[in-house]
Amino acid sequence: MSNQIVSAVTIAGTDPSGGAGIQADLKTFQEREVYGMSVITSVVAQNTKGVKAVEHLPIDFIEKQFDAVWEDITPHAVKTGMIATIEMMELIAKKLTNSKIPFVIDPVMIAKSGDPLMEEKSREVIRDILLPLATVVTPNVPEAEFLVGFSINSQKDTEKAAKVLVHQLGAKAAVVKGGHLDGDAKDVLYDGAQFDYFSTKRIDTPHTHGTGCTFSAAITAELAKGKSINEAVGLGKEFITDAIQHSLLLGKGNGPTNHWGYRLKGLPNRGEME
Ligand SMILES: Nc1ncnc2c1ncn2[C@@H]1O[C@H](COP(=O)(O)OP(=O)(O)O)[C@@H](O)[C@H]1O
Ligand SMILES: Cc1ncc(COP(=O)(O)O)c(N)n1
């Protein structure tokens, strides 16, 4: 792929304050040297303090955006973030059923601020019609609990959930993220054959707005380049850790991560520099 421009597309909602959603995904693609494209599902009036309003785009307009990308520039990988309604999920399933490119699903349900980003009745539909198409699904603990139907309180539960996501719900691989558990930030990857663990010390910061979006976008970018699932998750984990470590002191709530944080490796974080 050395002379080829690698591209990826994100299908998701927006964050005008720039830390999550489409904006976080495109910044991440850019930092990973992947040409980023987007299909917007919902326009969200939100910032680091929370969600103020949501407008879903009409389904035929989402389809027009999708077709505008695909008829012109075939992406090397695709990811989904916020997909709020059943109709949006059915559209994406229709479009991606015979797709051969890697497909990362970040099953966004509730923002860190506690605001719902997916209609409750859609949760079973993403599980039933989209998960079987996923190359990698990247739920956080509450999302994984909903998808598998049992609570997750330990590493054993996390491993059990990852197995269910693959063997019963049809994803090729699952990363259950440990951001919401106590202790180290330990993510568990299961690829249908073995477990791999990606763990870092928990960084003591409230500035984690958009961490899930950024992590899954980095994984998508690496899969677009042809990396294996294991390599892509490892690189994604390094990327999100540096982004949290050097998170920006922006906003009045839970601030955004720093998408160029990897360039500051080894340097003091912003808080220490102040
Ligand atoms: N405080 C933290 N310190 C280090 N890593 C974190 C922290 N919070 C989340 N992560 C990591 O960020 C990634 C996204 O996880 P998470 O925040 O759980 O996602 P989501 O945004 O979907 O809730 C995971 O790799 C997780 O381990
Ligand atoms: C459009 C959109 N997609 C995803 C998230 C989740 O990000 P987080 O859980 O960090 O708030 C968000 N806030 N907005």
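**Exercise 1.** How many helices and strands are there in the protein?

*Solution.* Keep in mind that this is a predicted model. Going through it, you'll count nine helices and ten strands.

**Exercise 2.** Work out whether the radius of gyration of the protein agrees with that of a compact globule.

*Solution.* Start with the chain: it has 274 residues, and a compact globule of that length would come out near 19 Å. Next, take the value for the protein, 17 Å, which agrees. As for the inside, 49% of the 274 residues are buried.

**Exercise 3.** Describe how helix α3 and helix α4 pack.

*Solution.* Two things describe a pair of packed helices: the angle between their axes and the distance between those axes. Here α3 covers residues 86-96 and α4 covers residues 123-130; the angle is about 10 degrees and the axes lie 9 Å apart. Angles under 35 degrees count as roughly parallel, so α3 is roughly parallel to α4. Now look at who meets whom: Ile-86, Met-89, Glu-90, Ile-92 and Ala-93 come from α3, while Val-125, Ile-126, Ile-129 and Leu-130 come from α4. Sorted by class, this contact has eight nonpolar residues, one charged and no polar ones.

Key:
Residues are numbered from 1 along each chain as its sequence is written. Chains are lettered from A and ligands numbered from 1 in the order in which they are written. This is a predicted model: local features need pLDDT of at least 70, side-chain atom pairs count only at pLDDT 80 or more; totals for chains, interfaces and linings use all residues. Helices (H or I, at least four residues) and strands (E, at least two) are DSSP runs, numbered from the N terminus. The radius of gyration is taken over C-alpha atoms; the globule rule is 2.2 Å times the number of residues to the power 0.38. A residue is buried if 20 or more other C-beta atoms lie within 10 Å of its own, exposed if 12 or fewer, and partly exposed in between; C-beta atoms are placed from the backbone. Axes are lines fitted to C-alpha atoms, for helices over the stretch in contact, and angles run from 0 to 180 degrees between N-to-C directions. Angles under 35 degrees count as roughly parallel, over 145 as roughly antiparallel, 65 to 115 as roughly perpendicular and the rest as oblique. Two residues are in contact if their C-beta atoms, placed from the backbone, lie within 7 Å. Ala, Val, Leu, Ile, Met, Phe, Trp, Tyr, Cys and Pro count as nonpolar, Asp, Glu, Lys and Arg as charged, and the others, Gly among them, as polar.
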